[in-house]
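Hi,

Here is the structure I promised to pass on. My notes on helix packing and domains follow below it.

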Amino acid sequence: MTKQESAARALASGRADAQGLNSENQQKVTNLWQDAIYRLTRNRAAVLGLILIVLLVLMSAFAHVVAPMHFTAGDAALNNAVPLWLTKVMPGHMETYTQISDIYPLGADYLGRDLLSRVIYGTRVSLPVGFVGALTALLIGLIYGSVSGYYGGKVDNIMMRIVDIMYAFPTMLLIILMMAFFKSSFSGAATPGTLAYEFNRINKVVDSLLGLQSGGMLFIFIGIGLTAWMGIARLARGQILSLKEKEFILASHMIGARDGRIIWRHILPNIIGPILVSVTLAIPGYISTEVFLSFIGLGVDPPAPSWGAMISDGAKALRSYPHQVLLPALFLAVTMFAFNFLGDGLRDALDPRMRGTK
Amino acid sequence: MSRFIIRRLIWTIPVILFISIVTFLLVHAVPGGPFDTEKPRPAEIQANLMKHYGLDQPLWKQYTDYMGFTRNPSGDYAGILQWDFGPSITQRSRTVNEIFAAHLPVSATLGVAALLIAVGVGVPLGIIASLKQNSAWDYLSMALAIVGVSVPSIVIGPILILVFALTLGWLPVAGWGSFKHILMPSLALGLSSSAIIARLTRASMLQVIREDYIRTARAKGLSEKVVIVRHALKNAFIPVATVLGPMFAALVTGTFVIEQIFAIPGLGKYFISSITNRDYSVVMGTTLLYALFLVASNLFVDVTYAFLDPRIQFE
């Protein structure tokens, strides 16, 4: 913050006092969260990230309005068609070997489906994966880490050894194995009453909620959620270990507060900052995990549009139709940028050492 | 120190056991088997095949045979314990050991090259950024770092091919065999890791540079180069070393996508095809091999701590 700004801010709070607003109001200004939000809004990159995320969320929510076509619609006769203007922009002589069709704003894929529409609908795969992954990791990691850190001793020792073992598992391999398991044993299970059938039913509900015909999204959520919580668990445990020796926790014990209440009301609010930051910065990782999975054919089931599958399809014709890779790649990169910008901004904003500086 | 290493080595035993059990259960829980074909085989042949590979045994016996804890049906101890990863079930004439021997060096070369790029680009970038904090260099290297973190290898790979192979024609599009072939895939793999390393190095250098012993080193008249490399960087490297272990394992294991984009004959392809083919021994073998990599590189990192910072001691 520049000198003038801080002066103006001091003046503003001074004026608030002069107008008879009591000191409670002034305390509010230095409250951690308000301070953090203030600093976050000063950070241009973080604001840009936030705006991009909001735009992407809107795009995925209103994909049926924004996208020119449905993600399965298209004309197979017009496969790999390219609009005229694109042939002039792209390198090489695309017009000499491709079909020209202006029906598609950014061209069609190898099955004649509109690329732009598929990329837009692709946000319905990537964003839920990012958010649900974060939520699951947060939920499991926070509960696991809190219990481990709070009870300490033997419980802590055993629980953290389990995390250590999970860490030694090559995560990508575990997810791939799980996806293979889910896909072949759950999808298509038709006997009512079995566990597989129930899973499959929930999966269908999730897919239709997201407006995808056959995503298999539930399985991806489970796969990512089950492998993503360890980092959060370790972080939460470490924070709680140092926090639980503090006097105010002792004080709540003295007045007879239950463990659950102490964890929920006194410990969690104090550790949520760093955890929020690490979850936000982990979201790009979840998104790229899904993209990797779909790339190797173990992610989202076609025809649901995943950026990973689109990149994989496009990469086969990279020389002839480079735009088929570049478009989903661009969307993917922008999404990753947005979350990284926001995460970085959050970290700076919530860092107590930075308080009052900016 | 040696006691620490021994304790850690003993700890790897339950870890590897756990991973092997989970992997074994998962692959066997997937419905279907390695001999499922579209046209069903005569039941006798199917039974003979199953018997030949020991798949007619109860599940626990298959596991203990595979691990080399018990005698297999032919009466030998031949399992992981004896460093025998078994025969590949779907590639009749090859053993898993042979597959490793042929394809692991490729994946490992790629992984090491990517790690070299990650460290070789990331560390200098981080140092420059920290020494000239808030300068154009700092902003440039941090901008590069955020690009590296945000653009995954799956995006960088095709773009590199497009620019350096298809447009400029400097490098081969794909394949394996010469130094030129390694450049693009290792860059695609290593760039995001280099970004992580650059940010970590910068943050940790910024902290270390303000320490008293750096001022002391300067005060006793050491050259700036010695102060930075011997005194600052050595200490600042600890958080970087922490991520290098899992990073190395991730680079070696995370090569599936890059191997596919650049048509590289590495292990990644075998891992994925073995899952779809239900080639149990190949799945088990690759997973355990990667787990061993991960455990070993983490141990190596822990040992380097003591070298980097003598204040760290292991009881």
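First, a term: I call two residues in contact if their C-beta atoms, placed from the backbone, lie within 7 Å. Helices are DSSP runs of H or I with at least four residues, numbered from the N terminus. This is a predicted model, where local features need pLDDT of at least 70, side-chain atom pairs count only at pLDDT 80 or more, and totals for chains, interfaces and linings use all residues. Residues are numbered from 1 along each chain as its sequence is written, with chains lettered from A and ligands numbered from 1 in the order in which they are written.

Start with chain A. Helix H15 (residues 307-315) and helix H16 (residues 323-350) have axes that come within 8 Å and cross at roughly 155 degrees. H15(A) and H16(A) are therefore roughly antiparallel (angles over 145 degrees; axes are lines fitted to C-alpha atoms over the stretch in contact, with angles from 0 to 180 degrees between N-to-C directions). On the H15(A) side, the contact includes A:Trp307, A:Met310 and A:Ile311; H16(A) brings A:Phe331 and A:Leu332, among others.

H16(A) also packs on helix H5 (residues 136-150) of chain B, at about 120 degrees with the axes 8 Å apart. There, A:Ala333, A:Met336, A:Phe337 and A:Asn340 of H16(A) meet B:Ile146, B:Val149 and B:Ser150 of H5(B).

Chain B itself has domain 1 (1-31 + 274-315) and domain 2 (108-265), with bounds from an automatic or database domain assignment. Their C-alpha centres lie 25 Å apart, and 11 residues of domain 1 of chain B are in contact with 13 of domain 2 of chain B.

Cheers

Technical notes
Helix = DSSP H or I, 4+ residues; strand = E, 2+ residues; numbered from the N terminus. Parallel < 35°, antiparallel > 145°, perpendicular 65-115°, else oblique.
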